[in-house]
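Visitor: Could you walk me through a few features, with the general idea ahead of each case?

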Amino acid sequence: MIPHVTRLLELWRIAAHYRLDTLFPAEELPVKARHALSLIKIHPAAWSSREKKNPLKLKEALEDMGPLAIKLGQLLSTRRDLIPPEVLSQLVLLQDRVKPYDTQLAKQRIQESLKADVSTLFSRFDEQPLAAASIAQVHTAALHDGREVVVKVTRPDIRSQILQDFEILAWLGDWLENRLEAARALHLSEIIQDYRQIILNELDLSLEADNTRRMRHYFTGSSMMYVPEVYMDSKDVMVAERITGVPISDIATFDRLGMDRADLAEKGLTIFFTQVFRDNFFHADMHPGNVFVETINPSNPRFIALDCAIMGELSKHDQMTIARMLLAVMNSNFMQLIQIVHQAGWIPPGTDQDALSREMRRTVGPMVSKPMDQLDFAGILIQVMDIARRFHLEIPPQLMLLLKTLVHVEGLGTDLYPQLDIWKLAKPILTEWVKANMNPVKNVKELGQQIPDLLLGAQDIPGLLIDSLNGLKNQSAWHDKQLREIQQMRLQMQQQQRRSWIFGSTMLILLTIAIISPWFISVILIVLSSLIALWRIAK
C-alpha cells in the first residue's frame with residue numbers, strides 16, 4: 001500500500017503548479033523520465049498555471065516541497081557541466097538563500113534551548129538572518145567579550161515532514177528493488193535508510209558541534225584548512241566562531257585578489273584525500289554553501305569547513321579496498337582492479353572476470369586519460385552502476401555516501417580549475433598511504449602495542465573455556481530435551497490422527513446404516529459400532 005497518499009498528491013500539485021516538466025527539453029531526457037514528467041501536465045494545477053517555461057520558479061518549487069527536495073537541489077547546484085545556466089542560477093540559491101522563518105520564533109528557540117535570554121547570551125543579536133538553508137538558519141551576533149559569532153538555529157516542525165517523506169522513499173525503494181536488478185545491486189532500500197539517519201542526525205546540532213570539534217582537532221595548525229571553534233551548543237542551537245571568507249564558487253573574487261586557482265584546487269583535493277584516508281572522517285556535504293576560502297592572505301589561502309553535520313567514515317577494510325582500487329585505475333591495471341573487487345567480496349561466484357575487466361577498461365579508462373574539464377565523473381558513475389547491475393555486483397551501501405561526495409568534489413574542482421590533474425595529485429598520496437598501512441614493521445608494532453591487553457585477557461581464557469564447555473553441555477542437554485519433546489508430540493499427533501480417522505469412519509458407517517436399515521437393526525449396529533470405536537480409541 002502506498003504510504004502518505006495525501007503528501008504525494010501535494011508534491012504532484014506543487015510540481016504541476018510550477019510546471020517542472022517544462023524546465024528541460026524532452027528530447028534530452030531518458031524515455032522513462034519523460035513518462036514520469038508527463039504525469040505533471042495532466043494535473044489540474046498545470047492547466048491554470050502561469051509558470052510555464054519559467055526556470056526562475058524552480059527554487060520556490062523545491063522550497064515548497066520541503067527539506068529533501070532542497071537537499072537534492074543543493075547536490076545538483078554543483079554540476080555546472082550538467083545543468084543549464086538559467087536553472088543552475090536558481091539551484092545555487094538553495095545553498096544558503098532558502099526562505100527564512102520568523103526571527104522572533106528563532107530567538108524563542110534559542111532561549112528555550114540554551115536556557116537563557118538572548119540578551120544574557122549575546123551583547124548583540126542581528127535580527128536579519130545571514131543565511132537560511134533546508135534544516136536551519138543562521139544569525140550573526142557578538143558575545144559579551146567581543147567575539148563575533150554565528151548562531152545556527154534549526155527550523156521548527158520539519159522532523160515530521162522529513163519522516164513522512166522518507167516513508168514514501170522507503171516504499172519506493174522496496175518497489176524498485178522488487179522490479180529492477182540495478183536497485184537490488186545498489187541495496188537501494190539500505191541506502192535510503194542510511195540517508196534517513198544522516199538527515200535525522202543533521203537535525204541535532206549537538207552532533208554537528210561534536211563533528212566540528214573533531215574536525216577542528218584533526219586540522220589544528222593546518223596551513224590547508226581552518227575549522228571554526230564551537231562556543232555553545234544544544235540539540236536546536238549551535239554558537240560558533242564567525243569566519244571571514246567567500247564561498248568556493250566565488251571565482252571572480254579569487255581572480256580579483258590574484259589567487260592561484262590551480263594551487264587552491266590541488267589543496268582542496270589534498271584535503272579531501274586526507275580526510276578520507278588519514279582521518280577516516282570526511283565532510284560529506286560539500287556544496288559551495290559549506291566550503292569557504294579565506295581572503296585574509298591571498299598568497300596562501302586556507303579552506304574553511306562549515307556545516308559538519310553530514311560526515312562519512314569507512315571501515316579499515318573499505319579504506320584499503322578503495323585506495324587499492326583507485327591505484328589500479330591510475331595504473332590502468334583493470335585485471336588487478338577486478339581482483340581487488342573480488343577479494344572485497346563484491347563479485348558473485350561464476351562471474352566472467354575477463355569480460356568484467358574489459359567493461360571496466362572501456363568505462364573507467366577515460367578517467368585517467370582526460371583532463372577534468374572533459375571528464376563527466378557523474379556519467380561514468382552511472383555507467384559503472386550499469387556494469388554492476390549487468391554483472392550482479394554487490395555495492396556496499398556505506399560507499400554510496402563517498403560516491404556522492406566524489407560527485408561534489410568533482411563539481412567543485414571543475415569550477416575552480418578545469419585543468420586540474422586529479423590522478424597525478426592523488427597517486428602519490430594514495431601510494432604512500434597504502435605503503436604505510438601495509439608496512440609489516442608498522443603492523444608488528446601495532447601488534448606489540450596490543451600485547452599487554454592480550455596478556456591481561458589471557459588470564460580469562462581458562463574461565464571462558466570452562467564457561468563455553470558448560471554452555472555447550474547445557475545446550476546439548478537442552479537439544480536432547482527438545483528432541484524428546486518433539487518425538488512425544490509426533491507420537492501424540494499420530495495417535496490423534498488415528499483416533500480422528502476411526503471416529504470419522506464410525507460416523508460414516510452410522511449414517512449409512514441409519515439411512516438404509518430398519519430401525520431395530522440400526523439401533524443394534526449403532527451400539528455395536530460405538531463400543532468398537534471406544535475400544536479402539538482407548539487402545
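Visitor: Where is W12 placed?

Guide: Helices (H or I, at least four residues) and strands (E, at least two) are DSSP runs, numbered from the N terminus. W12 sits in helix α1, residues 5–17. The model is predicted, so local features need pLDDT of at least 70 and side-chain atom pairs count only at pLDDT 80 or more, while totals for chains, interfaces and linings use all residues. Residues are numbered from 1 along each chain as its sequence is written, and side-chain values use heavy atoms, with hydrogens and water left out.

Visitor: Is W12 buried, exposed or partly exposed?

Guide: Buried means under 20% relative accessible area, exposed over 50%, and partly exposed in between (1.4 Å probe, protein chains only). With 31%, W12 is partly exposed.

Visitor: What does E148 form with R124?

Guide: A salt bridge, meaning a side-chain nitrogen of Lys or Arg within 4 Å of a carboxyl oxygen of Asp or Glu. For E148 and R124, the closest N and O atoms are 2.9 Å apart. E148 lies in strand β4 (residues 148–154) and R124 in strand β1 (residues 124–125), so the pair ties together parts 24 residues apart in sequence.
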